[in-house]
Amino acid sequence: MVVEKAEILSADGGSVVTLTLKEDSNNLTGSRNVTVTGVKTKDGVEMATHIILLFL
């Protein structure tokens with residue numbers, strides 16, 4: 001799985017992030033823990049590190 005883009009959807013740098021995966025890069029199924037870190041707003045505010053449970 002390759003993440004091409006991570007976009008923060010909450011204005012305060014909170015916990016809502018949309019991940020855009022590279023086409024055909026996800027051959028996983030089931031649930032996976034993904035750590036999201038280093039995502040910044042356009043203003044340079046870094047989001048807290050989150051561990052997210054994905055259902056693929």
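1. Ala48 counts as partly exposed, at 45% relative accessibility; buried means under 20% relative accessible area, exposed over 50%, and partly exposed in between, with a 1.4 Å probe and protein chains only. Ala48 sits in the loop between S3 and strand S4 (50-55). Its C-alpha lies 6.9 Å from that of Thr37, and the two residues are 11 apart in sequence.

2. The model is predicted: local features need pLDDT of at least 70, side-chain atom pairs count only at pLDDT 80 or more, and totals for chains, interfaces and linings use all residues. Residues are numbered from 1 along each chain as its sequence is written, and side-chain values use heavy atoms, with hydrogens and water left out.

3. The protein chain has 4 strands and 0 helices, and its pattern along the sequence is β-β-β-β. Both element types are DSSP runs numbered from the N terminus: helices are H or I of at least four residues, strands E of at least two.

4. Of the 56 residues in the protein chain, 21% count as buried. The largest nonpolar core has 7 residues: Ile8, Val17, Val34, Val36, Val39, Met47 and Leu54. Such a core is a set of buried Ala, Val, Leu, Ile, Met, Phe, Trp, Tyr and Cys residues joined through side-chain atoms within 4.5 Å.

5. Val39, one of the core residues, is in contact (heavy atoms within 4.5 Å) with Ala6, Ile8, Val45, Glu46 and Met47, leaving aside neighbours within four places in sequence. Across the protein chain, 32% of the contacts with a separation of 6 or more are between residues 24 or more positions apart.

6. Ser25 belongs to the loop between strand S2 (17-21) and strand S3 (31-36). Ser25 is buried, with a relative accessible area of 15%. Not counting residues up to four places away in sequence, Ser25 touches Met1 and Val2. A polar atom of the Ser25 side chain lies 3.0 Å from the backbone nitrogen of Val2.

7. Met1 lies in the segment before strand S1 (3-8) and is partly exposed, with a relative accessible area of 32%. Met1, Val3, Leu21 and Leu56 make a nonpolar surface patch of about 280 Å².

Definitions and conventions. A polar contact is a pair of N or O atoms within 3.5 Å; within protein, one must be able to donate a hydrogen and the other to accept it, and residues adjacent in sequence count only if both atoms are side-chain atoms. Patches are made of residues with over 30% relative accessible area and no salt bridge: like charges are joined within 9 Å, nonpolar side chains (Val, Leu, Ile, Met, Phe, Trp, Tyr) within 5 Å. Accessible areas come from the Shrake-Rupley method with a 1.4 Å probe; for residues, only the protein chains shown count as cover. A salt bridge is a side-chain nitrogen of Lys or Arg within 4 Å of a carboxyl oxygen of Asp or Glu.
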